[in-house]
Each structure stands twice: as structure tokens, then as C-alpha cells.
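Here is a short report on a protein model and its ligand.

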Amino acid sequence: MSAVILGIESSCDDTSAAVIADGVILSNRIAGQEVHRKYGGVVPELASRAHQQNIVPVVDLAIREAGIAAGDISAVGFTRGPGLMGSLLVGASFSKGLSLSLGIPLIEVNHLQAHVLVHYIREPGNTARVPSFPFICLLVSGGHTQLIIVRDHLSMEIAGQTIDDAAGEAFDKCAKLMGLPYPGGPWIDKHAKEGNPAAYAFARPSAGGFDYSFSGLKTSFLYFIRDREKEDPGFIEKNLSDLCASLQHTIVEILMHNLDRLVTHTGIGTLALAGGVAANSGLREAFAGYGAGKGFDVFIPKPAYTTDNAAMIAITAYYRYLRKEYSAQDIAPDARFGFSS
Ligand code: KG4
Ligand code: ZN
């Protein structure tokens, strides 16, 4: 083993640590935070406290599960941003301390770039294909919705993004309106399986260029169910599956529409999906179907690599490590950290 990278992720409400050796995953541990569920969303103050409690046990577990000793680690990579400041501070401070005590490089990682690079994580003994450059990545999460042109592991350009809500937020906010638990995306996915995607039509707002807009959809959905509930109390409950299927169908169509336009515009025929919403079965099916129809090379991450995890931080840090792109000890987390090519 020449490059053993410990990755630390703490940007939102998951504390995660992973070990990657020469690009091969050895462990990926995640501690979620149930505490937010009863508030219907992530409470930043509670998130940073929980990270503080979870980080040492999670890192310890990831190192042990990888079958390595702390002294084997070549570098520590951490999420510098974007994310919640209080949460980022926990991972950054821990990583700085570890890098100092072990005398190893500290490597900052952009969380969004990391979501894209999950496609390069290799499983032990598995030589699955990886996307060739350039490719287009549709990154869809609770905080972001972006179309990214990926030219190299560390060279990416945002071609389009949401101007208001993220796709995950659209799922979660509409789910909340229907009284589903938080986060609502997986619940909508579950109920959609039993429903008719053509039962109802909702607004499909458009934004300029390759950008997205989802706030109009949420408003149209709100007015629709409010009016129907007035006429027929119990409408939501009776038609839950059809509502979920139609809403999911609309969100997926909005996402795929701009992707198709960008594909036509750039002529790029290698496509990848990433982020928490990439776990959505309707989107996975539409993405795979689109690629098959066009004869494109399509990459869809396994569900464990869609939501926030430290394996993606470790693989990104690995590519930075190969280029000796290290960070100084005075590096500060950046809640709005961006990336450019
Ligand atoms: O990437 P992620 O774990 O965290 C962020 O960085 O935001 O994404 C979380 C988002 C949430 O909005 C959640 O509802 C959504 O991903 N999500 C889903 C599904 N699984 C997770 N949305 C729709 N269908 C799913 N199966
Ligand atoms: Zn994320």
C-alpha cells in the first residue's frame, strides 16, 4: 500500500470516516443523526454537537475495519465545504489535529466535487469500468442540483444549476405538505411505486440556460393539494400513491430535460449521476433508459455512495494527494466553498 487516505465528512448531518488505499475502498463508516427527525429538518446547532460526539468513534471504527494502524495513514482528507459551518468546523478541527499528531499531509476537499468522484472508488477485487473524460454529471442532492462538465478528476465546470430550491428540497418540501416524515424523498419514491405517474400534472418551471428552478413546482403542488383537500378532506390520503408518482415523474422530467439539452449542446456521450437524489428509483430508471436509448455510456452509483459519505472525500483527497495538493494548518472551513476548473 502506498497511498492510504483517511477521509472525514461532516458537512451536514452525517458524520463519516473512510479509508481508501490506492483508490480501493477498505472501510466507509457513517453515523447518521436521528435527532433532526422530530424537527422536520436539520438543526445546525444540534448537528455540530452530534458530530462532536460521533467523530472519534466513527474514525476509530473506520480505521479498525480497514485493518490498518493509524501509523499507516499517508494523509487525511476532510470536507472544507460547502455545508453548515458548525458541522464543517468539527471535521476540519479533528483532521488538523490528526494531521499534526501523525505528521501527515492535510488535504481539503470540496463536497460537491467529491459527490462526482464516487464513480472512481474501486471495490476490492473489482475492476468495474469508470467514466472516461469528459463526461457530464447530474449532481442532485438536498442542497444542490447541478449539471457539471467533468474534464478531469479535479477539473470541473458547472454548466447549469438550480436558481432556487434543490431537487432534494423539492422532494422533501412536497413530502412535508403531504404529511410524510423527514426526509421525504425516499418516502415519495416508495409510494410512487404504487401510483400512476400521469394522474396529475404540475408546473414545470424553467430557468435560463441550463439552469433549473423548482420553487414554482412546490407552489403549484401546494395550491393543488390545498384546493383538492377543501373539496374532499382526505384527498391526500386517498390519492397518496398517485400524487407521489406524478410529482416524482415531474421532477425527473425536469432534471432529464436540461441534461438532454446539455448533451445536445456539448456532444458529450458519457453520463454520470450523483448525490442523495440519485437513490431515487424513478430517476435511476430514466437515466439508464436515456443512456440506453442514445447508446451512451452511463454510470449510476450504488445507493450507499449516493448520500453523504466519507469514501467520496477520501477518493477526492487521493487524487489531490497524487498531485501533492496539500492544505496548510491555518485553512478554514468555507460554508459556500465553490470549485472551478
Ligand atoms: O446528498 P445528500 O445525502 O445530502 C445533501 O448533501 O443534501 O442528499 C439528501 C437528499 C434529501 O433531500 C433526500 O430526500 C434525498 O436526497 N433522497 C431522495 C431519495 N433518497 C434520498 N430523494 C428522492 N428519492 C430517494 N430515493
Ligand atoms: Zn452531499
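This is a predicted model: local features need pLDDT of at least 70, side-chain atom pairs count only at pLDDT 80 or more; totals for chains, interfaces and linings use all residues.

In total, 18 residues surround the ligand. The closest are Gly142, Asp172, Asp189, Gly276 and Asn280.

Helix 3 (111-116), helix 4 (167-177) and helix 5 (185-192) each supply at least two of its residues.

What is the make-up of the shell around ligand 1 in nonpolar, polar and charged residues? Ten are polar, five are nonpolar and three are charged.

As for location, ligand 1 sits in the largest pocket.

## Polar contacts and burial

Aspartate 189, one of the closest residues, places a polar side-chain atom 2.9 Å from a nitrogen atom of ligand 1. The backbone takes part as well. A polar backbone atom of glycine 185 is 3.3 Å from an oxygen atom of the ligand. For aspartate 308, a polar backbone atom lies 3.3 Å from an oxygen atom of ligand 1. How much of ligand 1 does the protein bury? Taken alone, the ligand exposes 550 Å², and the protein buries 87% of that.

## Cis peptide bonds

Now the backbone. Glycine 81 and proline 82 are joined by a cis peptide bond, with omega about -5°. Proline 82 belongs to the loop between strand 4 (75-81) and helix 2 (85-102).

Another cis peptide bond links phenylalanine 133 to proline 134. Here omega is about -10°. Where does proline 134 lie? Its place is the loop between helix 3 and strand 6 (135-140). Helix 3 is also one of the helices that supply residues to the ligand shell.

## A positive phi

Aspartate 22 is not a glycine, yet its phi is positive, at about 50°. This residue is found in the loop that runs between strand 2 (15-21) and strand 3 (24-31).

Note on methods
Residues are numbered from 1 along each chain as its sequence is written. Chains are lettered from A and ligands numbered from 1 in the order in which they are written. Side-chain values use heavy atoms; hydrogens and water are left out. A residue is near a molecule or strand if one of its heavy atoms lies within 4 Å of it. A polar contact is a pair of N or O atoms within 3.5 Å; within protein, one must be able to donate a hydrogen and the other to accept it, and residues adjacent in sequence count only if both atoms are side-chain atoms. Accessible areas come from the Shrake-Rupley method with a 1.4 Å probe; for residues, only the protein chains shown count as cover. On a 1 Å grid over the protein atoms alone, a cavity is a set of points where a 1.4 Å probe fits but cannot get out, and a pocket is an open set with protein on both sides within 12 Å along at least five of seven lines; lining residues have an atom within 4 Å of a point. A molecule sits in a cavity or pocket if more than half of its atoms lie within 2 Å of its grid points. Helices (H or I, at least four residues) and strands (E, at least two) are DSSP runs, numbered from the N terminus. Ala, Val, Leu, Ile, Met, Phe, Trp, Tyr, Cys and Pro count as nonpolar, Asp, Glu, Lys and Arg as charged, and the others, Gly among them, as polar.
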